[in-house]
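I opened this model to take notes on its helices, sheets, cores and chain contact. The entries follow the order in which I looked things up.

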Amino acid sequence: MTTSKLPAPPAQAEDVSPRSRGTNWQGFRSLSRAMFRGFVRDRAALFFTILFPVLFLLLFGSLYKSSSTPKINVVEVGRVSVLDQARAASRQLDKVLTVTHTTSLAHALNEVRQANVDAAVQQQGGSLIVHYSIANPTTAGVVNSVFSGIVQAANQAASHKPPAYQLATQQVEDKSLKPIQYLTPGLLGWAIASGGAFGAALTLVGWRKNKLLRRLRLAPVGTTSIVTARITVSVAVAIVETFVFIAIATTPYFGLKLTAYWWMAIPVVICGTLAFLSIGLLVGALAKSQEAATAIVNLIVLPMAFLGGAFIPLAFAPQWIVKVSYFLPLRYLVVGMQNVMARGDGPASALPAMGILLGFAAVLTVIAIRVFRWDEI
Amino acid sequence: MSVAISARDIRKSYGDLRAVDGVTFEVGHGEFFGILGPNGAGKTTTLEIIEGLREPDGGEVSVLGLRPWPRNPALLPRIGVQLQATSFFERLTAREQLRTFADLYRVPAKRADEMLEVVGLTSSAATRTEKLSGGQAQRLSIACALVHRPDVLFLDEPTGALDPQARRNLWDLLRAIAAEGHTIVLTTHHMDEAETLCQRVAIMDHGKILQIGAPATLVRGLAHPVRISIESGLLGQDEARAIADGATVADDGVSLTFTTTEPAPILARLADHKALTGLQVAGASLEDVFLQLTGREYRA
């Protein structure tokens, strides 16, 4: 290496001399680009933030696809006239029951024991005998109530009087709310939550560890540019993820039907990303190593996925989970998206959730700034 | 020479530890200045205070006439910093890395590519920084510090973990940069590095500067004996003693060694006897200066 290889001295190169005034847009753009490249080249991050949630959607979407009401399988031993008459009288019954026939009681009982069928029924004169297993208490309960209903109806019919009371049932939840309609916002919410929190925490800890944060502090680029670049990249990733989820869920196979104001899910996604970035920022400010940051983020996001309506839809969750969920930002992200994407609520319905998410983000960011350190000492 | 950097009585403590304990020095424009000392001497903290990364507990610092603390946006474009670690963006190639830094300083990408050439990394431009060798990573790191043509360049142990060949390679680069007129402040725990690169060095230990001066001046001030050695067997014992004229003589079967504070007459007499085969003259080094100042072995 010789001196002659060096470019011209500074005095002759005004055109490349750095300027120090004004917002450093060039710096912001290049930081965003550097972070984005770092993200898409990190296979593990790409897998866990994008592909892994998509796989969950494919898996659960397929599993719950046909889970409207489970049918119960019944085997008739010999002739059971009560059941046959009931089935003839009401077509409804065949939506609940699948009936097969056998002549051997021993064979039928064995089938019940092995859980190949849910119940075996035989009739002895005026008695209907139902053999069932309590291995699955839910099914056992359904079996009991279905057959006591059949017997009561038969008694009523035998009395030749009109029934004094009639039961009319109606499903209260949205009739079209199929599993895919809560799975999509739920799993997407979880994906956005972990993507945002991991993104911010790992960047912060990693950059502090390799002293890039300190190096940037000595470059003419403000903290605002660094933070805005991180937000831009995370929001862009979250929006891409949202469209991937919607594209998969709306295929005929999964059958998600987007409601009129589904696009309101995008501002909800942005607010949610900000909320979870702020969690990541706080974790990143406190954690000393990337391993610790990963563990802490998992400890926060995973329980929240169970309690905040991402993995267990709040409509089916126990009451205590529903109560806890009001304290978790993930709830507002999931429910906010669900309302506008699947329930068909108006655009304004997402505003309270957005407000809460932004408020959460603001509070946590203020705390994170207070505990933030540029370096390890 | 006008003053580029001035530090006056700077102090910094971490709990009971006085990391920097009243350090004062000046560095002139275009000077290559070294801060030399063992690990834990306070070199890095001193450098970080001057760069503006840490607030001193006391004392005053001025760099190019400006105060570096609190973070001074007017100063930042005029200084270049290479931190001890190779601080890079993850998973970027060498060229992308350098262009990102160029953008931060609003310098054209062309200049970034030029710098890649200067540090000899053009052929590794598309290599991810994680895959660069230690020497290549250090050179890229220096290129990132120089991309915006700073007036003052700070290098914190640039050859820390390099093999001897990579170190010499880097020295050539640093000399070329110094020749371009940059003011350079370098910390090192390698005596030979300070001796060969720096115009002046400050020897530091326990947070204090023990001595400041040109390496040669510091060594000369030591009045340390010189060791003259030639091949064993060229001279008989009596001859050797006559030439020594009172100086210590030792023969270990490989070399005949004279230790003296007056080397000139001995060298002249050796020349007279045509006994100069394998001649080596070893004077004192900075290491001896350090030993003299601290009275202890050098812990690198």
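Predicted model: local features only at pLDDT ≥ 70, side-chain atom pairs only at ≥ 80, totals over all residues.

**Entry 1: a helix in chain B**

I counted ten of the eleven residues of H2(B) as buried, so the helix is largely enclosed by the rest of the structure. Among the buried residues I listed B:Leu98, B:Phe101 and B:Leu104. Charged side chains are on that list too, including B:Glu96, B:Arg99 and B:Asp103. I then looked for what covers the buried residues of H2(B), and the cover includes H1 of chain A as well as helix H3 (109–118) and helix H4 (134–146) of chain B. After H2(B) comes B:Arg106, and I read a positive phi for B:Arg106, near 55 degrees.

**Entry 2: the contact between the chains**

I looked up the contact next: chain A puts in 34 residues and chain B 37 residues. On the side of chain A that touches chain B, helix H1 (25–40) and helix H8 (212–217) of chain A each supply at least two residues. H1(A) gives the most to that side, with six residues. Sorted by class, the side of chain A that touches chain B holds 14 nonpolar, eleven polar and nine charged residues.

**Entry 3: nonpolar cores**

Which residues have the most contacts inside the largest nonpolar core? I found A:Ala197, A:Ala201, A:Val268, A:Leu357, B:Leu98, B:Ala143 and B:Val147, in a core of 156 residues. Helix H7 (residues 179–209) of chain A gives the most to this core, with 17 residues.

**Entry 4**

I traced an open sheet of four strands in chain A, in the order E2-E1-E3-E4 and with mixed pairing. Its edge strands are E2 (97–102) and E4 (127–132), each pairing on one side only. From one strand to the next the twist averages 25 degrees.

Strand E1 (residues 72–77) and strand E3 (residues 119–124) of chain A run parallel and are joined by three bridges. One bridge I looked up has A:Ala120 in E3(A) as the partner of A:Val75. E3(A) and E4(A) pair in the antiparallel sense over six bridges, and A:Gln124 has A:Ser127 in E4(A) as its bridge partner. These two strands form a hairpin with two residues between them, and A:Gly125 in the turn has a positive phi of about 65 degrees.

Helix H5 (residues 105–113) of chain A lies across E1, E2, E3 and E4 of chain A, at about 150 degrees to E3(A). Helix H6 (residues 137–158) of chain A packs on the sheet and touches E1, E2, E3 and E4 of chain A, its direction making about 170 degrees with that of E4(A).

**Entry 5: the sheet in chain B**

Here I found an open sheet of three strands in the order E2-E1-E4 (chain B), with antiparallel pairing. The twist averages 15 degrees from one strand to the next. Strand E1 (residues 3–14) of chain B is joined to E2(B) by nine bridges, and B:Ala7 has B:Phe25 in E2(B) as its partner. Helix H1 (residues 43–51) of chain B packs on the sheet, touching E1, E2 and E4 of chain B, and makes about 120 degrees with the direction of E1(B).

Definitions and conventions: Residues numbered from 1 in each chain as written. Chains lettered and ligands numbered in written order. Pairing = 2+ DSSP bridges. Axes fitted to C-alpha atoms, helices over the stretch in contact; angles between N-to-C directions. Contact = placed C-beta atoms within 7 Å. Core = buried A, V, L, I, M, F, W, Y, C linked by C-beta atoms within 7 Å. Buried ≥ 20, exposed ≤ 12 C-beta atoms within 10 Å, placed from the backbone.
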